[in-house]
Amino acid sequence: MSTVPLSPHWEDIVDESPHAPRIFPSYAYLHIDTFLHASKSYDKKTKEWTRMITVANASTLVNALFMPLEDIINEILCHFQEKDALVRNEIIQTHENRLSVIEDDDVEEEEYSRRVSANKISPDMAIMGRGANFFIHDKYPTVPAYTHCLVPVEVKRESDFDYEAAVTQVQRYARKCFAHQPHRRWVPTVIFTEMNAHLVIHDRSGTLTFDRPINYHKDPLAFVRLLLGVSTAVDDLRKSSFDPRIYWEEPRGWPIIIVMRIEGVSDSQKTTSESQLVYSEYQTAGKVPMVRPFDPRGTVCWRALPVSAEHMNLIGPVLIKDSWRDAKRQSEWELLEEVKGLDGVGQMVTYEEDVDFSISQFRNHITQGLYGERNPYRKDRIFTRLVLKHYGRSVKYFSSKLQLLHALYDAVAGHKRMWLKGVLHRDISLENILFGQEGAQVGNRGILIDLDSAIKVNDSQRSNTATRSGRLRPGTCTYQSIALLYGPQWDISGVESPPQDHLDDLESFFYVLAWICMRYNGPGIKAQNTAKYLDKWDSSNTALCAEIKEGLLSAPLAYLQPYFAKDKIFLRLVADLAKVCVRHVTEKLKVVDSMGEFPDLVEIHQAQVASSGKDHDEFLAIIGKAINALEKATKAQKPFKASRNTQPATTAQVVAGGSGVTPTEEPTKFGAALKPAEKKKESLAVFKKSNDHNLNASVAPVTQRPEPSPLGDCSNVTPQTPSKKEVVSASTSNIAHKLSKAREKKRKITMDDSDAEDSKLEEVQKRSKVNHLKENRSDYKGECSSGSAK
């Protein structure tokens, strides 16, 4: 770093604003005043960056400010990167040579783009970075890209400056940085005018703004510290805008991820004198994942292999999951410890978490307690890294009906084991049910993953706060139960909502199966005639979603694709599961209608434990019956190959970990089988090649023709509504009375007029609506109470 001796007659340069010294105070040790005295761009007497003032006075155009600003910033960066490359970055103009983006299938981002379609996708300028923190080591991409954007910079004129509009604009640039840099911790953006610099920080807690800008003419020390602070990638976890434990060793290669586990820590997860640091490395494989910028948790998953040959043979391929959890919520690794060893549930290898590495830590590093009007700690988040066992793809990539049902059965059985052990999942969705590993045994052909939203039943405080209020309920709206979807409406009306329990999760399992049967007309064949109808399942109007699902339960066979609709086994399966869901929904709605009281989640759990999980057993029995029927049909169609386990399942086996269903077909291959440790490099290459797709992005499956029905020619079998003896209505007279006003305003669910299926669905739904239950069941609370008594 160059130094210039100070002349005795020089006066010290100081900032005029009292808050300026609190911006990136850790860089105060640098000889910034020495640089300013030696700089030809800064006038110490008038306290002005001379060229900027000259250009600003000569022209009223924004573009005129680009060149002097670029020169000033590059002069600062160049001066302070001479020794040991403290910063190795430069600012470039990107208003014409725009930053390139990687297109993905992020629906939320597309909707956001439509809302701000008038705004730009590239900032006016950008400080670009390079080095081991970026995808191409020591090189810039041929075209400027968001993968190397360190700091988006926007330039405005004071005469027409709109602060709120400018903040909204740079928020979009920050989202692009998060999406293209999965190891990014926080993104700084700077809005310049000819006089001021406005610092805006973006992280997983939101956007941090400041009450007052920095006048970079009057406060030059703060200005230089700001530029060095936002453009320097340091190795300190409390300060760095990147995760320094993820780095690239080779150009255009895959990054190395370091996992540091502190063993022997106290309950508060603080390091003690007896703590031991366990250090392990993982080599990632496949494309660098894209991050959903609208997800406050910032969840990103990396496929990887252990670098150590010993770990390679011991655990094989893994999935590394990074996320920012709410500091007030229970960590996922604690719940994974609870379900350790359970079949049908995703298993954890190790984890990393330290409460010292939080958003509040690096926010304090940036501003030393200098904040805007909003409290930046209102929702602090803590970084967590999980190393999980590697499984197959989502069940939507099924290769046969039997494979699909095997996976669904084992996932439901795994959910039952979790529930009986006191853990409620609460986020059953299509992406959270995976096929097991290649060659998986009975019980692990389907795996239930992602315990981000799960809770411990015996945690009464979390049960009361997190499950009683419909506004706080987690889960994916597309697959949420009817009671959960009506929750916000009931809360507004002052009606007590039922606690989120295992029945809501079982109902979600049905919606996952129904979604697949309505979206796919065979393995890998997406049907378009139901796309708009299924899109409405994810409507922001939760009451509308609930009404749509009520219609589905009343006519569960109306939208099935021919691949499933021509199979009598699947017709019976879907109808029977819908019947079970109808009964559970109406029991809850009856209590709401009568203004009754619901049992507590702990009481519900105790009743189910006493009955050994009878609600799950009923659900599993229906799926098992369909599996047995499909297996018999398959045996009749082609020669039977002996399997290890051909015995029918019993309730005891289900609880113990086995379904007893014959695994006649294996899950789809997700990766090549691992070879011995001495051939690890060859194995890694095969694994990379076979997994070269993004975990968070859908990869188009191979299109193939539907397989023939095992029951022979069923072309004359059409989707039809079961009779009143076969399906119980989702409505009762009491429910109809309570929701009469909502029914009058209910929007008619249709798709394009050109779809011939629409009119057929309307007729089927009208014929299938009934207004009474098949049988009168006891009150929901009474049933649970009696179970507790037993």
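This is a predicted model: local features need pLDDT of at least 70, side-chain atom pairs count only at pLDDT 80 or more; totals for chains, interfaces and linings use all residues.
Local features require pLDDT of at least 70 and side-chain atom pairs pLDDT 80 or more, whereas totals for chains, interfaces and linings use all residues. Residues are numbered from 1 along each chain as its sequence is written, and side-chain values use heavy atoms, without hydrogens and water.

View 1. Helices (H or I, at least four residues) and strands (E, at least two) are DSSP runs numbered from the N terminus. His217 counts as buried because its relative accessibility is 1%, the limit being under 20% relative accessible area with a 1.4 Å probe and protein chains only. A polar atom of the His217 side chain lies 2.9 Å from the backbone oxygen of Glu194. Beyond neighbours within four places in sequence, His217 is in contact (heavy atoms within 4.5 Å) with residues including Tyr42, Trp49 and Met195.

**View 2. Packing of helix 13 (residues 502–519) against helix 17 (residues 568–593).** The axes, lines fitted to C-alpha atoms over the stretch in contact, are 10 Å apart at an angle of about 145 degrees, on a scale from 0 to 180 degrees between N-to-C directions. Among the residues making the contact are Phe510 and Leu513 of helix 13 and Leu577 and Cys581 of helix 17.

**View 3. The largest nonpolar core, with 89 residues.** Such a core joins buried Ala, Val, Leu, Ile, Met, Phe, Trp, Tyr and Cys residues through side-chain atoms within 4.5 Å. Phe509, Phe510, Ile516, Trp537 and Phe619 have the most contacts inside this core, to which helix 17 gives the most, with 14 residues. Phe509 is in contact with Phe619 and Leu408, among others.

Key. Buried means under 20% relative accessible area, exposed over 50%, partly exposed in between (1.4 Å probe, protein chains only). A polar contact is a pair of N or O atoms within 3.5 Å; within protein, one must be able to donate a hydrogen and the other to accept it, and residues adjacent in sequence count only if both atoms are side-chain atoms.
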